[in-house]
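Take a walk through this structure, one site at a time. Keep the sequence and the 3D view side by side as you read.

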Amino acid sequence: MRYYFNQILFSLLLTLLFNRCAQVGQLTGGKKDTTPPKLVNATPANASLNFNSSQIILQFDEFVQLEDLTNQLIITPSLKTLPEITSEGKKIKIIIKKEELKSNSTYHFSFGSSIADMHEGNTVKNFEYVFSTGNFIDTLKINGLLTDAFNNNPVPGALIALYTNFKTDSLPFNVVPEFITKTEDNGTFQINYLPSTTFRV
């Protein structure tokens, strides 16, 4: 009788123990990632001088993707052939025709917010890659505010183009601008890495 009592008591204890261990809970997965990707290496290095490469590799600290690149990317001075830009794991690869690059010129790739991490979509704000085909980086800039002439309100998302060719009054229709940018939401704009010369805006 005592043997059966001990067996029943042991079974009850086991049942209580397993019920306590097998509580159902929701997995949280930890805190949400809110950190954008960080550039850890660039080949050739950012701000390289005497650039002579047909390929640029940007290495980030996490997997990245490209979003809305067509509308976000601005390259100055403008290139005759658009580069081929792809994301591969933690890398962004840029293929350009180096024979089309101007000598002694500073090239500026402005990615806007087109680079994001793969899982949470955190974007790198205003990411830039710069190089010079000469032995120095141009450092001049132009900035301003664009407003509507009828109501004086700021104009967002407008194209601002700089030309060095003054031969025609129909520049936007007949000539590709050397430098270009878009106005911000508040109508302001800025173009960096300009050479020392005269422009028409």
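Five elements each supply at least two residues to the lining of the largest pocket: helix 2 (69-72), strand 4 (74-76), strand 7 (106-110), strand 12 (179-182) and strand 13 (188-194). The model is a predicted one. Which strand gives the most to this lining? Strand 13 does, with five residues.

Now look at the pocket as a whole. Its volume is about 600 Å³. In total, 23 residues line the largest pocket. Ser-110, Asn-126, Thr-181, Lys-182 and Glu-184 are the ones that lie nearest its centre. By class, 14 of the lining residues are polar, five are charged and four are nonpolar.

Turn next to the second largest pocket. Helix 2 and strand 4 are the elements that give two or more residues to its lining. Both of these elements also supply at least two residues each to the lining of the largest pocket. The second largest pocket holds about 380 Å³ of space. Its lining has 13 residues. Nearest the centre are Leu-73, Ile-74, Ile-75, Ser-78 and Leu-82. How many residues of this lining are charged? There are no charged residues in it; 11 are nonpolar and two are polar.

Leu-79, Thr-81, Pro-83, Ile-96, Lys-97, Glu-100 and Leu-101 form its lining. Four of these lining residues are nonpolar, one is polar and two are charged.

Asn-122 sits in the loop between strand 8 and strand 9. Is Asn-122 buried or exposed? Asn-122 counts as buried, because its relative accessibility is 14% and the cut-off for buried is under 20%. The side chain of Asn-122 has a polar partner as well. A polar contact of 2.8 Å joins it to the side chain of Asp-117.

Thr-123 belongs to this loop too, which runs between strand 8 (115-117) and strand 9 (128-132). With a relative accessible area of 16%, Thr-123 is buried. What does its side chain meet in a polar contact? The partner is the side chain of Lys-125, at 3.1 Å. Thr-123 also touches residues from other parts of the sequence. Leaving out residues up to four places away, Thr-123 touches Pro-36, Glu-67, Ser-113, Ile-115 and Ala-116.

The last stop is a charged pair. How many salt bridges does the count come to? The count is one. In this salt bridge the side chain of Lys-93 meets that of Glu-88, at 3.8 Å from N to O. Lys-93 is partly exposed, with a relative accessible area of 24%. Glu-88 is partly exposed as well, and its relative accessible area is 43%. Why do they fall in this class? Partly exposed covers what lies between the buried cut-off of under 20% and the exposed cut-off of over 50%, so Lys-93 at 24% and Glu-88 at 43% both count as partly exposed.

Terms used: Residues are numbered from 1 along each chain as its sequence is written. This is a predicted model: local features need pLDDT of at least 70, side-chain atom pairs count only at pLDDT 80 or more; totals for chains, interfaces and linings use all residues. Side-chain values use heavy atoms; hydrogens and water are left out. On a 1 Å grid over the protein atoms alone, a cavity is a set of points where a 1.4 Å probe fits but cannot get out, and a pocket is an open set with protein on both sides within 12 Å along at least five of seven lines; lining residues have an atom within 4 Å of a point. Ala, Val, Leu, Ile, Met, Phe, Trp, Tyr, Cys and Pro count as nonpolar, Asp, Glu, Lys and Arg as charged, and the others, Gly among them, as polar. Helices (H or I, at least four residues) and strands (E, at least two) are DSSP runs, numbered from the N terminus. Buried means under 20% relative accessible area, exposed over 50%, partly exposed in between (1.4 Å probe, protein chains only). A polar contact is a pair of N or O atoms within 3.5 Å; within protein, one must be able to donate a hydrogen and the other to accept it, and residues adjacent in sequence count only if both atoms are side-chain atoms. Contact means heavy atoms within 4.5 Å. A salt bridge is a side-chain nitrogen of Lys or Arg within 4 Å of a carboxyl oxygen of Asp or Glu. Grid points are joined across faces, edges and corners, and a volume is the space filled by probe spheres set on the points.
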